Amino acid sequence: RQRESRKMATAHGGGTLVQRHRGAAAASSSANVDDSHAVSEDESYQDDKQTRLTLMEEVLLLGLKDQEGYTSFWNDCISSGLRGCIMIELAFRGRIELEKTGMRRKSLLNRKVVCKNDSPVGDVLIDESLKHIKETQPTDTVQNWIELFCGETWNPLNLRFQLRNVRERLAKNLVEKGVLTTGKQNFWLFDMTTHPLVDSTIKQRVIRKVQDSLLSRWQNDPHRMDRRQLSLIFLAHASDVLENVFASLSDEDYEVATRRVRELLDLDPEIEAMKQGANDMVWAVAAAFNK
């Protein structure tokens, strides 16, 4: 009954965490700070490929049903959320950034995404996205890139930008890392490949990181938070999987966590992006999904 009352409260205003619409994203900030971050993150992925998960893999893992091995059929937000993850990953790896602003500052959603470094990162999905951005002139905004990667376009010529089978490809990555396994399930009219969870410690680690960043390690300032954790909170909300993170919380912790998520979502990305040390891409993605 407590869980039912939470859902009813969430549905009637207040601290709703329901994703309203789709959006987009893009990269960089103070150049020197971001470059050093990008180098260190790139090296850490090369040194620790088997255990470290990308933002896309973490969001997918949060959305997967543990035993069934697939995401909810009713979740129509996770596709765009995963594309937002790709944009932020590319920015964190130092591959893309938002165009520089001149004397007249453009809004985050009006700034174009530019290729900063075209060397592949070793992840097929990320490298495919980078190739599209690099070869497209003139380039586009964060929000438009997310929509193009989702295949949301009226122009048939732009369908070549669509990233296909993203969830399946990410699930296979997680199988290779020993987190998931591969199975099949019959749905009367068709068989579907599923990916049940086999290493629950990895998923619990992701869940605990999000919970801790909103509870025991809450900073009350987004710029003091780990930027990967901040991004994961924004993207898990955009993908409509954040409620899964809160399922194990007590009622009191649930209320605190949802209130703090709402505080983050209510921030003005334009103002936050101008603060020292801010990452433009993270706030551009946040702006796109909160539009």
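Biologist: Which residues have the most contacts inside the largest nonpolar core?
Modeller: In soluble globular proteins, nonpolar side chains tend to be buried together. In this predicted model, the largest nonpolar core has 74 residues. Those with the most contacts inside this core are Met87, Ile96, Leu214 and Phe246.

Biologist: Which helix gives the most to this core?
Modeller: The core in question is the largest nonpolar one, with 74 residues. A stretch covering residues 78-92 gives the most, with 9 residues. That stretch is helix 4.

Biologist: Is the aromatic pair of Trp145 and Phe149 stacked, tilted or edge-to-face?
Modeller: A pair of aromatic rings is described by the distance of the centres and the angle of the planes. Trp145 and Phe149 lie 5.3 Å apart, centre to centre, with 35 degrees between the planes. Planes under 30 degrees apart would count as stacked and those over 60 as edge-to-face. The pair is therefore tilted.

Biologist: How are Trp145 and Phe149 placed along helix 6, and by about how much of the helix are they separated?
Modeller: Helix 6 covers residues 142-150. Because Trp145 and Phe149 are 4 residues apart in this helix, their separation is about one helical turn.

Biologist: Are Trp145 and Phe149 buried or exposed?
Modeller: Buried means under 20% relative accessible area. Trp145 has a relative accessibility of 0%, and the relative accessible area of Phe149 is 0%. Each of the two therefore counts as buried.

Biologist: How many polar residues are in the lining of the largest cavity?
Modeller: The structure holds 1 cavity of 30 Å³ or more, and about 50 Å³ of space lies in the largest cavity. Its lining includes Phe234, Leu235, His237 and Asn290. The lining residues divide into 7 nonpolar and no charged, and the number of polar ones is 2.

Biologist: Which helices each supply at least two residues of this lining?
Modeller: Phe234 and Leu235 are among the residues that line the largest cavity, and both are buried in helix 9. The helices that each supply at least two lining residues are helix 9 (227-238) and helix 13 (280-290).

Biologist: How many residues of helix 9 are buried?
Modeller: Among the buried residues of helix 9 are Arg227, Gln229 and Ser231. Helix 9 is largely enclosed by the rest of the structure, because the buried residues number 12 of the 12.

Key. Residues are numbered from 1 along each chain as its sequence is written. This is a predicted model: local features need pLDDT of at least 70, side-chain atom pairs count only at pLDDT 80 or more; totals for chains, interfaces and linings use all residues. Side-chain values use heavy atoms; hydrogens and water are left out. A nonpolar core is a set of buried Ala, Val, Leu, Ile, Met, Phe, Trp, Tyr and Cys residues joined through side-chain atoms within 4.5 Å. Buried means under 20% relative accessible area, exposed over 50%, partly exposed in between (1.4 Å probe, protein chains only). Rings of Phe, Tyr and Trp (its six-membered ring) pair if their centres lie within 6.5 Å; planes under 30 degrees apart count as stacked, over 60 as edge-to-face and the rest as tilted. On a 1 Å grid over the protein atoms alone, a cavity is a set of points where a 1.4 Å probe fits but cannot get out, and a pocket is an open set with protein on both sides within 12 Å along at least five of seven lines; lining residues have an atom within 4 Å of a point. Grid points are joined across faces, edges and corners, and a volume is the space filled by probe spheres set on the points. Ala, Val, Leu, Ile, Met, Phe, Trp, Tyr, Cys and Pro count as nonpolar, Asp, Glu, Lys and Arg as charged, and the others, Gly among them, as polar.
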